[in-house]
Amino acid sequence: MAKTTKKETLDKKNTAKTETSRSWKPNKQQRFVLGCLLVLFSIALLVAFISFYINGQSDQSAVSQLGDRTEVVQNWLGKFGAFLSDLIVYKGFGLAAFIFVRLFFLTGMFLALELSLKKLKNIWFWDMFAIIIVSVLFGFFATSAPELGGTIGYELNLFSQDYIGKTGTLLALLFGLIVYLIFKIKLSPEKIQSYFDSTKNEIKSELSALKTPAQTESAYNLEEFAVEEPDEELDNIHLKTEDTQFEINKEALKPTISNSSEIDLNPVLKPLQMHINPVTQTPVHTEEFVVEKPEEEDIIEENLASRLVADFGLFDPTLDLSNYKFPTIDLLKEYSTGGITINQEELEENKNKIVDTLRNYKIEIAQIKATVGPSVTLYEIVPEAGIRISKIKSLEDDIALSLSALGIRIIAPIPGKGTIGIEVPNKNPTMVSMKSVIGSAKFQEAEMELPIALGKTISNETFVVDLAKMPHLLMAGATGQGKSVGLNAVLTSLLYKKHPAEVKFVLVDPKKVELTLFNKIERHYLAKLPDTEDAIITDNAKVVNTLNSLCVEMDNRYSLLKDAMVRNIKEYNEKFKSRKLNPEAGHRFLPYIVLVVDEFADLIMTAGKEVEIPIARLAQLARAIGIHLIIATQRPSVNVITGLIKANFPARIAFRVTSKIDSRTILDTQGADQLIGRGDLLYTNGNDVVRVQCAFIDTPEVEKITDFIGGQKAYATAYLLPEFVGEETGINLDMDISERDTLFREAAEIIVNAQQGSASLLQRKLKLGYNRAGRLIDQLEAAGIVGPFEGSKARSVNILDLSALDQFFNNEQN
């Protein structure tokens, strides 16, 4: 055993050595050294080749005696240069060898400067192509001047002449030249024609200029009407040139005037100008304090989704509701009175208080800048050198006391900037309307699967995120801080961007009053269980069946993705729309499903583990098949949202909470306790925390939108989820044989062949709806062919093969 282990270790060492030798790549220093060596070598080649042609072939006799130090050579690079010239020029490619100088020089530069080597490969290919063409071409002169084409060029020329003659060789070289010009120099017939046209126009203009005096002399001998024509032409030409010169000069003067005025008027603001999202800056009182007010975004009055015609390829899932019209933006109300207004006195007062408070603790400020938002103003300060950031961070309560404001939040430092941020609430906050957010170009032109417009940031920019990439969202905050309005904003965003065929909602509303308005769009956007009256779930007992039904839907979708050999819903739908999947095999277009739960803590209190298990399964697995969860709760404590669930909710929204502990519970950091309420929120997706003022949408606005959608043509029913039958709902095992389905025997044969009892299998094989397939499964269980329900697992099959099944039916008939 010891010998074999030694052999194995030796083999492993040898394979490791070979792998390391194969995978060796030069580092930065090695590439630079190698590049410098190649550049110097190219210069040496150039010196050697030039001296070879100047001194002739006098050094050829000394090439064979390189070891003799007494031998004298004329080459400027010595014996080594004579050897290289003889090898590459005389015995090689002749004059074409100078292309090697260019190749080695470029290779060295590419390596030293760490440029992309893809372009270098292209250069080597075409330069080697040119070397062969040039050397073969000069091979025609080998008898009189052999150093022009070299030995290789001469031999290739003779070889070509033996088969296709001199004329054929010249034609082949001409073809090679054409290939080089087209692919390397990018020469095209259009360029040649344009060149000739331009030269022709130049010749015509020169001839007309030469003919003009002769025409005017002969014109004096003609009649009066003939004399006026050339004068008019000359006047016209003269006037046109003057006009064009004047216009060009005038246009050239315009930008210089505007630039000079900007430099004179705002000399201090230029270094403070942001590179991203330029803003208008107004100096206030002192040169150290700068106020930034972002420019108002343009509002698009028409919903772009109503004008966009989606390219669904050969299959269009929106065909059933092809005349569906998206809600118009004028259904929403404009609450704000004309954008953000800057209160100069308030800004100056807050600035002085911040500076004085920090100065009391011997903290000097080099610069302070204010960015005014809808409800919060961000003061960015740059402290003097040597000031500790933790010292400023510890003064949060002192700054709040001096400003007499609620919710002072210090960001030290601001991510991506070398500044410290102090967020101070405005005395007169501006309400962010849903109309301004939905109508913004950022939302209308968003190329996302499930775009959500939450509101506006401190810099007054519309904040848009993609639910499909989150992939699940956790919303939390104290009572009355805006969670329900935030849910309405999320649902409204999706209604304005997605067609009813593309997204479906499963709404859970334990309050029974928050989401009831969406009942009007039941047959457009909502999904529900079969044989249920209301699509919006208000009874906690029905939530368990709905969640388990979503788990069944998830399993069914994963089986469809497996059959289609794709990894996610986007690839599956693209494959289905291009008609690469057969609907007869059970394939169908899969809409996104968004599960919205308004009060999750209430569900946990009443249902407990029955809710936790399916939620955990959906949170872990459902992101790839287009099922996304939005859960709102007052406080996501450990007993409400477990660590297993919370780990799968990287995207979190925190409204105002009462303590720092609650803030850490939601965001894993503090800050939510310093919010001011009324829609003020913090959003994080596992990285930076962004402060957003949530867009406000009132109940009458939601009612207008749902009335607009509900008044249009709809589907026959709401989107039906798979039927879920729990263990507690027993099945009548004394079912009469005469009441069996006509496909009972065929279904039994399919189940026995597959040795897997599931309704989805019968759906695909027999092309049935889920209700009938579920009844067949119940009848098979009553007959004893399949076992009882086992959660998400397939039912066990009690009959092993078809012969045993035939015997079973024979015994039944007897």
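**View 1. Asn460 sits in the loop between β7 and β8.** Strands here (E, at least two residues) and helices (H or I, at least four) are DSSP runs numbered from the N terminus. Asn460 is not a glycine, yet its phi is positive, at about 65°. For orientation, most residues other than glycine have a negative phi, and most peptide bonds are trans. Asn460 counts as buried because its relative accessibility is 3%, where buried means under 20% relative accessible area, exposed over 50% and partly exposed in between, with a 1.4 Å probe and protein chains only. A word on the model: it is predicted, so local features need pLDDT of at least 70 and side-chain atom pairs count only at pLDDT 80 or more, while totals for chains, interfaces and linings use all residues. Residues are numbered from 1 along each chain as its sequence is written, and side-chain values use heavy atoms, with hydrogens and water left out.

**View 2. Arg678 also has a positive phi, near 55°, in a residue other than glycine.** Its loop runs between α23 (660-667) and β15 (680-684). Arg678 is exposed because its relative accessible area is 71%.

**View 3. Met470 and Pro471 are joined by a cis peptide bond.** Omega is about 0° for this bond. Look for Pro471 in the loop between β8 (462-466) and β9 (473-476).

**View 4. The second largest cavity holds about 50 Å³ of space.** A cavity is a set of points, on a 1 Å grid over the protein atoms alone, where a 1.4 Å probe fits but cannot get out; lining residues have an atom within 4 Å of a point. Points are joined across faces, edges and corners, and the volume is the space filled by probe spheres set on them. The structure has 2 cavities of 30 Å³ or more. Around the second largest cavity you will find Pro374, Ser375, Val376, Lys456, Thr457, Ile458, Asp680, Arg691, Val692 and Gln693. β16 gives the largest share of this lining, 3 residues, and β7 (451-457) and β16 (689-694) each supply at least two.

**View 5. Phe505 and Phe600 touch the most other members of the largest nonpolar core, which has 105 residues.** Such a core is a set of buried Ala, Val, Leu, Ile, Met, Phe, Trp, Tyr and Cys residues joined through side-chain atoms within 4.5 Å. Helix α18 (residues 540-564) gives the most to this core, with 9 residues. Another core, of 27 residues, lies apart from the largest one, and among its members are Phe744, Leu768, Ile777 and Val786. Back at Phe600, setting aside residues up to four places away in sequence, its contacts (heavy atoms within 4.5 Å) are Val611, Ile615, Ile631, Ala632, Thr633, Val640 and Ile641.

**View 6. Asp127 lies in helix α6 (residues 117-138).** With a relative accessibility of 3%, Asp127 counts as buried. Beyond its neighbours within four places in sequence, Asp127 is in contact with Ile99, Arg102, Leu103 and Tyr180.

**View 7. Leu401 is part of helix α13 (residues 396-403).** Leu401 counts as exposed, at 67% relative accessibility. Thr357 is 44 residues from Leu401 along the chain, and their C-alpha atoms are separated by 9.6 Å.

Key:
On a 1 Å grid over the protein atoms alone, a cavity is a set of points where a 1.4 Å probe fits but cannot get out, and a pocket is an open set with protein on both sides within 12 Å along at least five of seven lines; lining residues have an atom within 4 Å of a point.
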